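The sequence and structure come first.

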Amino acid sequence: MPDPRYAPIAFFAYNRPEHTRRTLASLAANPGAADSALYAFSDGPRTADAVTAVAEVRALLRGLQGFSSVEVIERERNYGLAGSIVDGVGRLCASHGRVIVVEDDLLLSPHFLRYMNDGLARYESEPRVASIHGYTYPVDTLLPETFFMRGADCWGWATWARAWAVFEPDAGELLRQLEARKLGADFDFGGAAGNLSMLRNFIAGRNNSWAIRWHASAYLRDMLTLYPGRSLVRNIGHDGSGTHSGAVDAFDAGLTEQPVIVAPIEVAESPAARAAFGRYFRSLRVGLAQRVLRRLRRILGVAPKTA
């Protein structure tokens with residue numbers, strides 16, 4: 001039987017058996033995994049080329065051990081990541097009131113589940129808190145043990161039914177509200193984060209992001225997400241294998257070897273963390289511009305400038 005102190009885990013997988021295996025191994029290595037119920041949502045193949053890999057993932061999930069119970073939900077059709085997550089998170093919030101969400105390309109610290117469940121317990125009745133997040137960007141300064149940021153996030157997270165109820169699937173309505181309330185610049189870290197363009201691209205059909213809509217939904221309600229000062233999640237999907245990601249290592253924050261303690265803190269956004277996030281996002285923009293310039297020089301046969 002699952003231990004009621006441990007929230008159910010929603011695990012979302014598609015067609016990457018090796019990533020799935022590594023993620024589940026890191027999750028099962030967490031103290032508390034054996035007391036947690038796991039619900040594995042396996043999306044159906046989008047193309048004929050994906051059939052074999054999806055079957056491999058499902059075979060792995062059917063033989064999964066290390067949790068108090070495992071239920072595999074095999075989609076008969078391809079929901080897409082956004083559809084699968086919105087449906088799965090909504091389903092477990094309705095049945096259990098809370099959920100921990102893990103995708104198939106996240107390596108997890110052995111302290112991940114403790115932090116998630118501690119955060120869920122501490123802020124369950126705090127209406128301003130939208131979620132608990134396990135990943136932290138590799139910023140240029142030391143962060144507090146835990147801190148709050150406005151909005152929500154997507155790499156290893158947890159929430160409650162009361163918070164998920166604010167999720168607005170209509171991206172056009174979210175953009176309208178952001179613009180009407182003149183919140184666009186703040187929402188986008190002055191253009192550094194690319195959040196507005198992601199929202200507009202969803203409206204134009206150029207992406208299928210559930211995460212930008214979750215972030216905007218929480219942001220517009222002035223809700224907050226708890227972050228760890230040291231990352232408990234490492235994304236291994238930026239190797240070109242994912243549907244929505246390319247080969248990028250700028251997000252690699254490593255994994256903390258120490259537990260993150262969820263002690264009482266003020267329920268307010270951290271100015272220091274916000275400033276650090278802004279500098280990080282701006283550095284990504286500068287780095288991208290430099291990579292594009294180097295690529296153009298290679299294409300054009302122009303030697304790089306030297307000091």
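The text below takes up the cores and then the aromatic rings of this predicted model.

**Nonpolar cores**

The largest nonpolar core has 75 residues. Those with the most contacts inside it are L38, V89, I100, F112, I132, W214 and F277. Helix α4 (residues 112-123) supplies the largest share of this core, 6 residues. Another core, of 13 residues, lies apart from it and includes L174, L175, L183 and Y219.

Leaving aside residues up to four places away in sequence, W214 touches A130, S131, A152, D153, W157, T159, A163, W164, V166 and F167.

**Aromatic pairs**

The whole structure holds 20 aromatic pairs. Two of them are listed here.

| Pair | Centre distance | Plane angle | Geometry |
|---|---|---|---|
| Y137 and F277 | 5.1 Å | 85° | edge-to-face |
| F189 and F281 | 5.0 Å | 75° | edge-to-face |

Y137 lies in the loop between β6 (129-133) and β7 (146-150), and F277 in helix α10 (residues 271-300), so their pair ties together parts that are 140 residues apart in sequence. Y137 is buried at a relative accessible area of 15%, and F277 is buried at 2%.

F189 lies in the loop between α7 (184-187) and α8 (195-203); its partner F281 is in helix α10, so this pair joins parts 92 residues apart in sequence. Both F189 and F281 are buried.

**Charges over rings**

R274 lies over the face of F189, at 4.2 Å from the ring centre. R162 is placed over the face of W160, at 4.3 Å from the ring centre.

Terms used. Residues are numbered from 1 along each chain as its sequence is written. This is a predicted model: local features need pLDDT of at least 70, side-chain atom pairs count only at pLDDT 80 or more; totals for chains, interfaces and linings use all residues. Side-chain values use heavy atoms; hydrogens and water are left out. A nonpolar core is a set of buried Ala, Val, Leu, Ile, Met, Phe, Trp, Tyr and Cys residues joined through side-chain atoms within 4.5 Å. Buried means under 20% relative accessible area, exposed over 50%, partly exposed in between (1.4 Å probe, protein chains only). Helices (H or I, at least four residues) and strands (E, at least two) are DSSP runs, numbered from the N terminus. Contact means heavy atoms within 4.5 Å. Rings of Phe, Tyr and Trp (its six-membered ring) pair if their centres lie within 6.5 Å; planes under 30 degrees apart count as stacked, over 60 as edge-to-face and the rest as tilted. A charge sits over a ring if NZ of Lys or CZ of Arg is within 6 Å of the ring centre and within 35 degrees of the ring normal.
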